[in-house]
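Please look over the sequence and the model shown here, then read on.

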Amino acid sequence: MLRDRPRALSRSGQPSGVKPRIPLPVEVKDRAFTTARGADVGLSENRLRGPDLNAPFHGIRIPRSVDPNLLVLCSGYQLTMHPLGRFCGPTAALLMGVPLPRRRESLLPLHVAVPRGTRAPKGQAIRGHEFDREPHQTVELHGLRLSPPERVWCELATMLGIDDLVAAGDSLINRRRPFTTALDLEMITHEFAGRRGVVAMRAAYPLLCDSSDSRQETRLRLILVRAGLPQLTANPTIVTSGGFTYRGDLVFMAEKVIVEYQGDYHRTPEQFAADMTRASRLEADGWRVILVGARDLDDPVELVSRIRRVLAQR
């Protein structure tokens, strides 16, 4: 019987100076596969322990030439996952592109749920959970079985703070690529009455916005809303007198003030030049553009005071 030995994941290549004598068959050389599949295509037990293969989970091999990203890892684990099992919580959220705080962005352990009454999976690289068989169904994304998006939000509610839960919800209902709706999240909040995480869900739900485009933008919006500033609109369309169309991150329409969050995307020379032109065109029409970065969010009191002064001048 082949026994797996713990082996650190390598992004590519293989240990220096070590080269396997037997190349991988074409059927398995560029994908995750089970040791049983490896045996079927002619790989011996010794070859399955070769230095060019990662062994992230029991019975699974991934060629070191394949980038062990989350999709690859989940595709590999699903080969031996319980037939009713599914990826849940942070793992499902990351597969959906939901922004999470850095401490929750780790690829491993994978969060895997099985029906209640079934033995939850265990392992150094696996975090096992249980779910009720009804009424929640499994959905498929990238060929992987996941918790439904509404259930993912519930699962995250047991792990995240309110602001991060709002950011996750904003992403799930985002107008550009919605996985669910605000109404569906409201309904599941009622369904989960009395369960762990429901208090956080009830606090987060009224703060959701389907026009927020990033986690940091959500954080900025929550700071401004909680400060009691005048009504603002997230990502409205603004057309300049010259006919140029823009979206403002957070806009005080009556005061003609735009608060823009500047992430790393804005640091490239091309984007910086485009931002300057954009701001100039807006300001020529009487708009005031306030640029905000990550450091500003660390001192929300000073940030709100600064924006409040600008609004008072308008």
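## A buried glycine

Gly169 has 0% relative accessibility and therefore counts as buried, a word that here means under 20% relative accessible area, with exposed meaning over 50% and partly exposed in between (1.4 Å probe, protein chains only). Gly169 lies in helix α6, residues 162-172; helices (H or I, at least four residues) and strands (E, at least two) are DSSP runs, numbered from the N terminus.

Apart from neighbours within four places in sequence, Gly169 is in contact with Trp153, Leu185 and Leu208, where contact means heavy atoms within 4.5 Å.

## Basis of the model

This is a predicted model, in which local features need pLDDT of at least 70 and side-chain atom pairs count only at pLDDT 80 or more, while totals for chains, interfaces and linings use all residues. Residues are numbered from 1 along each chain as its sequence is written, and side-chain values use heavy atoms, with hydrogens and water left out.

## Helix α3

Helix α3 (residues 70-78) is largely enclosed by the rest of the structure, because seven of its nine residues are buried. These are Leu70, Val72, Leu73, Cys74, Gly76, Tyr77 and Gln78, and the buried residues of α3 pack against β3 (60-63), β4 (86-87), α4 (89-95), β5 (110-115), β6 (126-131) and β8 (144-146).

## A three-stranded sheet

Three strands form an open sheet in the order β1-β3-β2, with antiparallel pairing. Because β1 (33-34) and β2 (53-54) stand at the edges with a single partner strand each, one side of each is left without a neighbour in the sheet.

Strands pair if DSSP finds at least two bridges between them; β2 and β3, which run antiparallel, are joined by two bridges, and Asn54 has Ile62 in β3 as its bridge partner.
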